[in-house]
Amino acid sequence: MPRAPPDRRAGVTNSSDHRTADTAPSAPATSTVVDDGHPEPPPAGDHGPGDAVTEEQGFLTELYRRLDALRAERVVLRDRYVRHSDNTPGGRVERDIAYARHAEAVQMLNAAEDKLCFGRLDYAPGAGGDADGAADADPEHQSIHIGRMGIFADSGDHRQLLMDWRAPSARPFYVATAARPLGIRRRRHLQTARRKVTAVTDDYLDLSGLDAAEIAAVSGSTGGLAGEASLLAALQAPRTGRMGDIVATIQAEQDRIIRADRAGILVVQGGPGTGKTAVALHRAAYLLYTYREQLAQRGVLIVGPNPMFLRYIGQVLPSLGENAVVLATVGELFPGVSTTRTDPPGTARLKGRTAMNAVIANAVLHRQAMPARTVEVLFAGAPGGRLQVTRTILRNAQQRAWQSRRPHNRARAVFLKRVLDQLVPQVAERLGRGPGGDLLATRDDLDAIRTDLRESEELIAALAGIWPLLTPQRLLADLFADRGRLAFAADTLSPEERDLLYRAPVVDAADPAGTGRPEQQWTISDVPLLDEAAELLGQIPQSRPTGPDADTAYAEEVLDLLHSGETSEDEAPLVSMLTAADLAALHDDVALLTSTAERAAADREWTFGHVIVDEAQELSPMAWRLIMRRVPVRSMTVVGDLAQTSDPAGATSWRRVFRNYARGALTVEQLTVNYRTPAEIMEAAEPVLARIDPRATAPSSVREAGVAPWHRRVPVRRLAAVVADEAVAQRPSEGLLAVIAPEALLDEVGAAVQGALDAAGQGSAFGASVLVMGIRQAKGLEFDRVLLVEPTVMIGESDRGLNDLYVAMTRSTQTLAVLHSQDLPDVLHRLKDGPA
Ligand SMILES: Nc1ncnc2c1ncn2[C@@H]1O[C@H](COP(=O)(O)OP(=O)(O)OP(=O)(O)O)[C@@H](O)[C@H]1O
């Protein structure tokens, strides 16, 4: 049963009762539906019954014919390149580039197959060239069809058959209203199934050309949300576990966010189901289309809360023909580490604090601490057969290394060089001094001594212990496993806080040193710390790099030396003309052979052209530091809901989160219409939201489900069994049922549900239609039905338990039932009594 939201076109406003010209009541709409057995009155104006569908079917058939032809052409071109190569390196590169280009085009054409065309704009008479996009319209019919991609006719004039939804000319399809028709007379929504038109709905935006009878015929019909019939059909459809695109039904204010300027940080705050994820993904597609040159090279990074969520959204961009995107959780943002482990709440909160910067910087400093007394090293050429590596020598070298301002691993070269420089005269002493007190050693003698010192294993081993090469993993594993190191590095933290960081080393045969096997212990909150450590440590210089890395490494090394004043004069002119990127670019032809997304995902220092963060409220301040390093241009879209924050280190204010990053370019938008959760469930969830934040307003639901959410109390010993029976009873024939339970009950409930499904002969596993999960996995997802178990325990499991309850309640698109043995939390008083 459709239900009008308070402001039907206002998906985004700054306050719920704010109306602008854009949100004025829309024009009437008429529908023609075929093949569902319920034809509605014919559209007024241009067509008789069924004419519209027939007309559009003719167009669609022609369009698919063209799509097939384009695909066939591209397949031929692609396959020709598989066979073609002149077998020179240049020829192979040319072949691979051409192959990749044609393969990508084929992929894009394949992706456009479903719902290729979903709309049409007819321009008002005289609007012609003035109307936005009129120049692209069919000159004869003054109309243009809108779809997933741009397609031109094969004929000589290369007439545009289909306009890409992202083109500026397609914009009126999403934003034109009766109050602001933008030169559009009629907007038509097409519903299609495979290659067949199933329904056509028209909005008349400019009634001036119609006579009184025509106006009467088109008035009094549905009106309201743009493309209401298509929208409601999409919203009512059973869920598949994969998010779909919304290109056909984007609402005006969602469109404003999708097409917002690329520069700066755009924060989209919105309650559950308001389309934040959908909008963020379509914005990525829009940006990749509009700024293709820049973004195809640098790529777009999308950060989501967990791997299940990334799988859920993973199809949306490919279905829009876009692939230059990296999807990752925070646990995957440090190449070489991939973790879903979490820390206990207190530890996670602490590791998320910016105070950890200083802890890590101190941990590095601790590894550069000089010994308390002179280090003696066996060396045959030294007086007495021992080198005296004094504290003065070491301190001088340490100072020079610090002055170089290089990260630890690269400053080490400066440190070693300075120590050697100071040891050379000590050895040269053996050759004696002249009458004036000068060393007798010649320049050649000094060079030979330096070489001997450099090759002395004893000396190198001694110095390696004083200024060791370190990976971020080694630094952190050593820090967490050693209370002494923690006491030095975390001196600003309390002893209790240091205890939270301490992690007893895992000792096993494969790790005799007993410092643990960090790769098995990393948690999501460690990942930003590893990244911070990587910044301070720098890469470990490769002794003999090969391939493209060799050029980059060499160039960087040379440039570093130049900047630190360590170069000899004859090196300077050469390097001053080059950047590291210039040198690395010599090998770009090789790099091209892997996709932007693959290269970006594997490179910690990769910077993206745009970064999108979903469920952004969950990120800690340390995680934000990591993300900001990936996007120095600060072109970002951040979507989230402060009322849904679960993470103990998560956000409570957007302005606070971005205070130090936005450089004045921060925009906060609100979404206020809930497309997912039915009104009955939102009503029951309102007191929960009011308890989380009394000032917050729940988003208004776009529809009702016709079923009130309910609860039932059962004895504790029967809880799991009752949940299981209910899951069997409610299991939908199409769509998904989620059982969301507190972590403490997950195993028991999971086993009971599994057993009941088996007993009922409904599949060996949960199959596709019943899922049992905790709140962390449910984040961002949606299901047709939700069974919520023991809310009181859920609330007690976390500092942000009420937020978790709010998230769990709002995952459903149809029904919600709560089963519990403990008292129902008072915030759930609006739930009806369920069946006994
Ligand atoms: N304009 C639209 N047309 C069709 N479907 C839409 C539209 N906007 C949103 N939806 C649908 O509404 C549902 C909720 O959207 P989405 O998951 O993006 O919301 P959200 O704000 O990210 O939710 P949450 O914060 O609760 O995770 C999805 O099924 C999405 O496809």
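Where in the protein is the place of R194? Here are some friendly notes to read alongside the model.

1. **Before you start.** This is a predicted model, in which local features need pLDDT of at least 70 and side-chain atom pairs count only at pLDDT 80 or more, while totals for chains, interfaces and linings use all residues. Residues are numbered from 1 along each chain as its sequence is written, and side-chain values use heavy atoms, leaving out hydrogens and water.

2. **R194.** To answer the opening question, R194 sits in the loop between β6 (184-193) and β7 (196-204). Strands here are DSSP runs of E with at least two residues, helices are runs of H or I with at least four, and both are numbered from the N terminus. Although R194 is not a glycine, its phi is positive, about 50°. R194 is exposed, with a relative accessible area of 73%; exposed means over 50%, buried under 20%, and partly exposed in between (1.4 Å probe, protein chains only).

3. **E790.** Look next at the loop between β21 (783-789) and α33 (791-796), where you will find E790. E790 also has a positive phi, near 45°, in a residue other than glycine. Is E790 buried or exposed? E790 is buried, with a relative accessible area of 3%.

4. **R634.** This residue lies in the loop between α27 (621-630) and β14 (636-640). R634 is buried but has no salt bridge, and the nearest side chain of opposite charge, E535, is 11 Å away. A salt bridge needs a side-chain nitrogen of Lys or Arg within 4 Å of a carboxyl oxygen of Asp or Glu; Lys and Arg count as positive, Asp and Glu as negative, and His and the chain ends are not counted. What does the side chain of R634 reach? It reaches the backbone oxygen of M628 at 3.0 Å, and one of its polar atoms lies 3.2 Å from the backbone oxygen of Y661.

5. **Around R634.** Setting aside neighbours within four places in sequence, R634 is in contact (heavy atoms within 4.5 Å) with A263, G264, I265, M628, Y661 and R663.

6. **A helix pair.** Helix α17 (residues 472-480) meets helix α21 (residues 526-537) through residues including L475, L476 and F480 in α17 and L529, L530 and L537 in α21.

7. **The whole protein.** Stepping back, the secondary structure comes to 34 helices and 23 strands. Buried residues make up 51% of the 836 residues. Among contacts with a separation of 6 or more, 74% are between residues 24 or more positions apart.

How values were computed
Polar contact = N/O pair within 3.5 Å; in protein donor to acceptor, adjacent residues only side chain to side chain. Axes fitted to C-alpha atoms, helices over the stretch in contact; angles between N-to-C directions.
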